[in-house]
Structures are given as C-alpha cells and as structure tokens.
Amino acid sequence: MSVNDYEWLVLESDEEILWSGEPELFGYAWLFAMGIVLIPMFGIGFVIIALTYLSLKNTAYVITTESVFKKTGILSRKITDIGHENIQDTGYKQGIVGRYYEFGTVQISTAGGSGVEMSLAYVPDPLNVQSQLDAVATRRSSAEDTSAPDAHERVEIMGATLDELITEMRATREALESIEERLSED
C-alpha cells in the first residue's frame, strides 16, 4: 500500500507505511446474521446490514514508522493516531470465530492513559500486527535512549556541577539540623 491509497493520511517526509489493513468481514458476521433475522421486522435488518457494511468499508488501520492511525466514520470521518513513543503496551484478543479464521483485535495502551486507548478491531493475523507494533515501538524507544545523555555524564547546572550542588545541599541540611537541635534544647 502507498500513501496515495489513503488520502486521509498525512505523513512526514521520511515516514513510511509498514502495515495497513481493514477489519475482516467475518468479524461482523454476527451483525449480518442479526440483520438477516430482523429483515421481516419492518426492514430493520436491511438497515443493520447496510450500516455494518458501510462501517466495515470506511474503517482503515495504518502502522507507519512513526505512528499508528485508525480511520472510522461513514458520513463523517474520525482519524486517531498514537505515536510509537507513547505506546506503553500492546496485546490482542481473539474469540472462537477469530481463532478459526485468524482475525482478532489488537489493543494499544499508552503511557499515562487509562486502559486501552486504541483498538484495531478484527484485523487479520493479529499476532503479526502486534509483533510489528512492538518491534517499531521498541526500536523507537531504543533510539531515544541512545540520544539521551548518559546517566554518569557530568551535568553542569548554571556553572556548578552536580557534585558541587550535592555538597552544598548536605551543608544546608547539617545547618538546618543544627538549628533544629538548638531550638529543641530551648
């Protein structure tokens, strides 16, 4: 897939698409079955089938080298993205039908978020999608760690080194303890 296949997707100049997909049709089988059952009831079943089909065809997922994108919406459009640097945890779940037909829902949690922030519902081969997400997020966090200053590197803060600041803090603490001791004697 190329960027031209996703007119709603805006990428950085060096950003590449690693994976893209849509929900599997079998994931919505229960809604199609319910729609067929409800067709005799004033045609409500046709509405359910049509909305399910349109929802399926208007949902897309894209994993790039920088983010995960999810597009939904039939008449309106909602695009959600999570940068790989914010991904805290990923997982996937499969139901009975999903295990048989090899589709499932990949769940993405972010740092500071409350639970699952994004779900890629009914994607084919969810283990592969989750593995790709983990690989990119791990690669991204490793790259950021190497760019961070070394923990043992000498840091200078406003002309003073960290060692000088620690020495100053200890002297201040001893002075405060001495004052507290004198006050308690009085």
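From the N terminus on, the secondary structure elements of the chain follow the order β-α-α-β-β-β-β-α-β-β-α-β-β-α. The model is predicted. In total, the chain holds five helices and nine strands. Of the 186 residues in the chain, 30% are buried.

The largest pocket was examined next. Its volume is about 170 Å³. The lining of this pocket consists of 13 residues, and those that lie nearest its centre are Gly27, Gly95, Gly98, Phe103 and Tyr122. Three elements, α1 (29-38), α3 (96-101) and β6 (103-110), each contribute at least two residues to the lining. The largest share, three residues, is supplied by β6. Sorted by class, the lining of the largest pocket contains six nonpolar residues, six polar residues and one charged residue.

The loop between α3 and β6 contains Glu102. The backbone of Glu102 has a positive phi of about 55°, although the residue is not a glycine. Most residues other than glycine have a negative phi. Glu102 counts as exposed because its relative accessibility is 51%, and the cut-off for this class is over 50%. Asp125 is placed in the loop between β7 (116-124) and α4 (126-147). With a relative accessibility of 37%, Asp125 counts as partly exposed; the range for this class runs between the limits of under 20% for buried and over 50% for exposed.

A search of the whole structure for salt bridges returns two. One of them joins Glu7 and Arg77, with the closest N and O atoms 2.8 Å apart. This pair links distant parts of the chain, the two residues being 70 residues apart. Glu7 belongs to the segment before β1 (17-21), whereas Arg77 is in the loop between β3 (67-72) and β4 (78-83). Glu7 counts as exposed, at 58% relative accessibility, while Arg77 counts as partly exposed, at 48%.

The salt bridge between Arg173 and Glu177 has its closest N and O atoms 3.2 Å apart. Both residues lie in helix α5 (residues 162-185), where they are four residues apart, or about one turn of the helix. Arg173 has a relative accessibility of 57% and therefore counts as exposed. Glu177, at 40% relative accessibility, counts as partly exposed.

A nonpolar patch on the surface is formed by Val47, Leu51, Tyr53, Leu54, Ile74 and Leu75. Together these residues have about 610 Å² of accessible area. Membership of a patch requires over 30% relative accessible area. Val47 has a relative accessible area of 48% and is therefore partly exposed. Tyr53 is also partly exposed, with a relative accessible area of 42%. Val47 is located in helix α2 (residues 44-57), and Tyr53 is found in helix α2 as well. The C-alpha atom of Tyr53 is separated by 8.6 Å from that of Phe32, and the two residues are 21 residues apart along the chain.

A further pair of positions involves the loop between β6 and β7, in which Gly113 is found. Gly113 is partly exposed, with a relative accessible area of 34%. From Gly113 to Ile87 the C-alpha to C-alpha distance is 9.7 Å, while in sequence these residues are 26 residues apart.

Conventions
Residues are numbered from 1 along each chain as its sequence is written. This is a predicted model: local features need pLDDT of at least 70, side-chain atom pairs count only at pLDDT 80 or more; totals for chains, interfaces and linings use all residues. Side-chain values use heavy atoms; hydrogens and water are left out. Patches are made of residues with over 30% relative accessible area and no salt bridge: like charges are joined within 9 Å, nonpolar side chains (Val, Leu, Ile, Met, Phe, Trp, Tyr) within 5 Å. Accessible areas come from the Shrake-Rupley method with a 1.4 Å probe; for residues, only the protein chains shown count as cover. A salt bridge is a side-chain nitrogen of Lys or Arg within 4 Å of a carboxyl oxygen of Asp or Glu. Buried means under 20% relative accessible area, exposed over 50%, partly exposed in between (1.4 Å probe, protein chains only). On a 1 Å grid over the protein atoms alone, a cavity is a set of points where a 1.4 Å probe fits but cannot get out, and a pocket is an open set with protein on both sides within 12 Å along at least five of seven lines; lining residues have an atom within 4 Å of a point. Grid points are joined across faces, edges and corners, and a volume is the space filled by probe spheres set on the points. Ala, Val, Leu, Ile, Met, Phe, Trp, Tyr, Cys and Pro count as nonpolar, Asp, Glu, Lys and Arg as charged, and the others, Gly among them, as polar.
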